[in-house]
Amino acid sequence: MTMTLHGYWRSSASYRVRLAASLKGLAYDQVSYDLRRGEQRMPALHRLAPLGLVPALEVDGGSLTQSLAILEWLEEAHPSPPLLPAGLMERAAVRSMASTIACDIHPLNNLRVLQALRRELGASEQAVQDWIARWIRDGFAALEVMVRNHGRGFCFGDTPTMADCCLVPQIYNARRFHVDLADFPGLLAVDARCGEIDAFARAAPERQPDADGASA
Ligand SMILES: N[C@@H](CCC(=O)N[C@@H](CS)C(=O)NCC(=O)O)C(=O)O
């Protein structure tokens, strides 16, 4: 089975997929689309991902989109090590945390939304910054409670799950946008714990072949 991840080093949705693949010890090639230059609008990506967003994962000629669906596919195709716990309720709790990030935080702060705020609604940089912080902090307040209820080192239990694959990239984003995270000690502790694991380090944005250190 050959896998190619179509993504971007700074894309947090791509980062989720890199983390899951890395935790499962899976090798993959990467094709990069520079989002700052609008390369997500290239026909080559649209053939794989009709919405024109990264990531897309090509697997043996077929293609998958939506990072959560890709994480679920990776889990089913490569069950070991598991990124979901065994029990039904527990699995739903992990998916709930992952969805809180992927469905209720990230889409509100996506590049195309921020561009629409600036270009179509005339929002100032300060207003955009406040917007970003508002949705991250709102979602993180809920996640802080969830991690307190379920976590023992990681978001859920004492091993990494899909929830950690979503949290670590979202914290990366929050730091990139200088969002104050002092109210979320539980989330920061999970992030620090994940940072001790080599599979997390390998998937980090700065370690990717297309990383260029740009700040935008
Ligand atoms: N729900 C999608 C979101 C994908 C997404 O928003 N990707 C961002 C990068 S993290 C993107 O391609 N943005 C380009 C744009 O907004 O134009 C997923 O989870 O895969």
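For these notes, helices (H or I, at least four residues) and strands (E, at least two) are DSSP runs, numbered from the N terminus. With that settled, I looked up Pro81 and found it in the loop between helix 3 (67-77) and helix 4 (88-104). I kept in mind throughout that this is a predicted model.

**Entry 1**

I checked the peptide bond from Ser80 to Pro81, and it is cis, with omega near -5°.

**Entry 2: another proline**

Next I went to Val54 and Pro55, which are also joined by a cis peptide bond; here omega is about 15°. I placed Pro55 in the loop between helix 2 (43-48) and strand 3 (56-59). Val54 turned up again when I listed the residues closest to the ligand.

**Entry 3: a positive phi**

I then looked at Asp60, which is not a glycine and yet has a positive phi, near 45°. I found Asp60 in the loop between strand 3 and strand 4 (62-65). A reminder to myself: most residues other than glycine have a negative phi, and most peptide bonds are trans.

**Entry 4: who surrounds the ligand**

How many residues surround the ligand? I noted 15, the closest being Gln40, Val54, Gln66, Ser67 and Asn110. Sorted by class, this shell holds six nonpolar, seven polar and two charged residues.

**Entry 5: polar atoms at the ligand**

For Gln66, a polar side-chain atom lies 2.6 Å from a nitrogen atom of the ligand. For Ser67, I read 2.6 Å between an N or O atom of the side chain and an oxygen atom of the ligand. For Arg16, a polar side-chain atom is 3.3 Å from a ligand oxygen atom. I next asked how much of the ligand is covered: taken alone it exposes 510 Å², and the protein buries 91% of that.

**Entry 6: the pocket and its elements**

Which pocket does the ligand take up? I found that its space is the largest pocket. Helix 1 supplies the largest share, three residues.

**Entry 7: where the ligand lies**

Last, I wanted to know why the ligand lies between domain 1 (3-81) and domain 2 (88-200). Both domains give residues to the shell around the ligand, so the ligand lies between them.

Terms used. Residues are numbered from 1 along each chain as its sequence is written. This is a predicted model: local features need pLDDT of at least 70, side-chain atom pairs count only at pLDDT 80 or more; totals for chains, interfaces and linings use all residues. Side-chain values use heavy atoms; hydrogens and water are left out. A residue is near a molecule or strand if one of its heavy atoms lies within 4 Å of it. A polar contact is a pair of N or O atoms within 3.5 Å; within protein, one must be able to donate a hydrogen and the other to accept it, and residues adjacent in sequence count only if both atoms are side-chain atoms. Accessible areas come from the Shrake-Rupley method with a 1.4 Å probe; for residues, only the protein chains shown count as cover. On a 1 Å grid over the protein atoms alone, a cavity is a set of points where a 1.4 Å probe fits but cannot get out, and a pocket is an open set with protein on both sides within 12 Å along at least five of seven lines; lining residues have an atom within 4 Å of a point. A molecule sits in a cavity or pocket if more than half of its atoms lie within 2 Å of its grid points. Ala, Val, Leu, Ile, Met, Phe, Trp, Tyr, Cys and Pro count as nonpolar, Asp, Glu, Lys and Arg as charged, and the others, Gly among them, as polar. Domain bounds come from an automatic or database domain assignment.
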